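This report looks at a ligand site and a few backbone features. View the structure first, then read on.

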Amino acid sequence: MSVLRFLTAGESHGPTLLGVLEGIPAGLALSEQDINQELARRQRGYGRGGRMQIEKDGVRILSGVRWGQTLGSPIGIEVTNRDWENWQENMAIAAPEQNAKSVAVTRPRPGHADLAGMLKYRTGDARNILERASARETDMRVAVGAVARRLLAHFGIEIYSHVIRIGKVKAIQVPSDLRELRERAEASPVHCADVDASRKMMDSIDAVQVVGDSLGGVFQVVVHPVPAGLGSHVHWDRRLDGCLAQALMSVPAIKAVEIGLGREVAERHGSQVHDEIFFDQEGRERDDAFLWRDQRWLTAGGFYRRTNRAGGIEGGMTNGSPIVVQATMKPIPTLREPLFSVDIEDLRPTAAGVERSDVCAVPSAAVVGEAMVAWVVASAFMEKFGGDSLPEIAARYEEHLLSLCPQAEIQ
Ligand SMILES: Cc1cc2nc3c(=O)[nH]c(=O)nc-3n(C[C@H](O)[C@H](O)[C@H](O)COP(=O)(O)O)c2cc1C
């Protein structure tokens, strides 16, 4: 069982989204604002549909926090749905007085959960499926991930993402400095660190929007700095690469996950894939530093690599280099110019149904991806250093850092 657990509940047009987080230690500073700023990041992004204007999400922390700090008890989170007033009848808890068949969604969209869910749950109304399959659910994942981020940030571990491809347009001029990369991606409407590619990505989104089509793409998530030793080689469900792949693949519309060089390893020789090992006597060659007590920094010495083709993970464990993962998102299934489908009511050919929809959601998916990565890394962090309160965890963490960096300097 993972040390950290969360559950979410809520339909896309229901009154609220709920989250319950378990295992977050006591003593972590946490505010609603910490979570809201992440929710706002998910809502941005060129290519998103009209719903984003309605949502403007804000969170309410219902439990597990007192006077600005976590208590160690389950954290309850709620995001109310501002669109609910328009859906009260259609999404009512009580059975309708009249026959509600007229509002049933009977034309399943290819690529969405509609038909598979109707067959599985034996319903003739795809709304019973799509309300939960809708990516609105990922809003709560971002809220949950924001708490995991706070925990990691307390120990100086940061997570960010950038879009590296939308449709056929690839990011090429990507800064190697991670802070610059982050700033540029945050400033881009498509969350891409390459200014020129950003413009071309927006053009290609405009082009598919005109013809009623949609676009997918690829984003990268980076975790830095990361101590060596998170995850494990000993069991299939403790390998960090496997956990990250599962978590990212669980994001709706993600169809491939790669770590480090990813699929490119297939075509390279071993000497061009593996990262050579060096030892830094002075503690000066590595560009990372770990947050130490009282906001001071520990400059890491010890083992390091000059390349990071492995994406920071070897044998299912972090090796001290940044974690680098990529996820590929398919184009949005809801099309304004719909594909063929079959009407469930009369089994005749028909055009698929159309819901209000995004044209491209890769920038938002990147923020959801960050949240999932944050949760997995925080879970591995707790497995390695866990305790009930932050001081206990800090003591274990600091002891581990010193074992990794015998020549460490505290600044
Ligand atoms: C952030 C985000 C936004 C999405 N927005 C839409 C959307 O507006 N319309 C749509 O049809 N699918 C959207 N999707 C994708 C569907 O949720 C997804 O394709 C569907 O649940 C089926 O799951 P699958 O693609 O993994 O098979 C979005 C996904 C994400 C991650």
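## Ligand contacts

A nitrogen atom of the ligand lies 2.8 Å from an N or O atom in the side chain of Ser-357. The backbone of Asp-358 has an N or O atom 2.8 Å from an oxygen atom of the ligand. Ala-253 places a backbone N or O atom 2.9 Å from an oxygen atom of the ligand. A polar contact here is a pair of N or O atoms within 3.5 Å; within protein, one must be able to donate a hydrogen and the other to accept it, and residues adjacent in sequence count only if both atoms are side-chain atoms.

The model is predicted: local features need pLDDT of at least 70, side-chain atom pairs count only at pLDDT 80 or more, and totals for chains, interfaces and linings use all residues. Residues are numbered from 1 along each chain as its sequence is written, and side-chain values use heavy atoms, with hydrogens and water left out.

## The ligand shell

There are 20 residues around the ligand (a heavy atom within 4 Å), and Ala-253, Lys-330, Thr-334, Ser-357 and Asp-358 come nearest. By class, the shell has 10 nonpolar, 5 polar and 5 charged residues. Nonpolar covers Ala, Val, Leu, Ile, Met, Phe, Trp, Tyr, Cys and Pro; charged covers Asp, Glu, Lys and Arg; the others, Gly among them, are polar.

Ala-253 sits in the loop between H8 and S10. Helices (H or I, at least four residues) and strands (E, at least two) are DSSP runs, numbered from the N terminus. Ala-253 has a positive phi of about 80°, although it is not a glycine. Ala-253 counts as buried because its relative accessible area is 17%, where buried means under 20%, exposed over 50% and partly exposed in between (1.4 Å probe, protein chains only).

His-191 also has a positive phi, near 60°. Its place is in the loop between helix H6 (178–187) and helix H7 (195–210). His-191 is buried, at 7% relative accessibility. Most residues other than glycine have a negative phi, and most peptide bonds are trans.

## A cis peptide bond

His-224 and Pro-225 are joined by a cis peptide bond, with omega about -10°. Pro-225 lies in the loop between strand S9 (217–224) and helix H8 (240–249).

## Glu-258

Glu-258 belongs to strand S10 (residues 254–259). Why does Glu-258 count as buried? Its relative accessibility is 11%. A polar atom of the Glu-258 side chain lies 2.8 Å from the backbone nitrogen of Arg-263.
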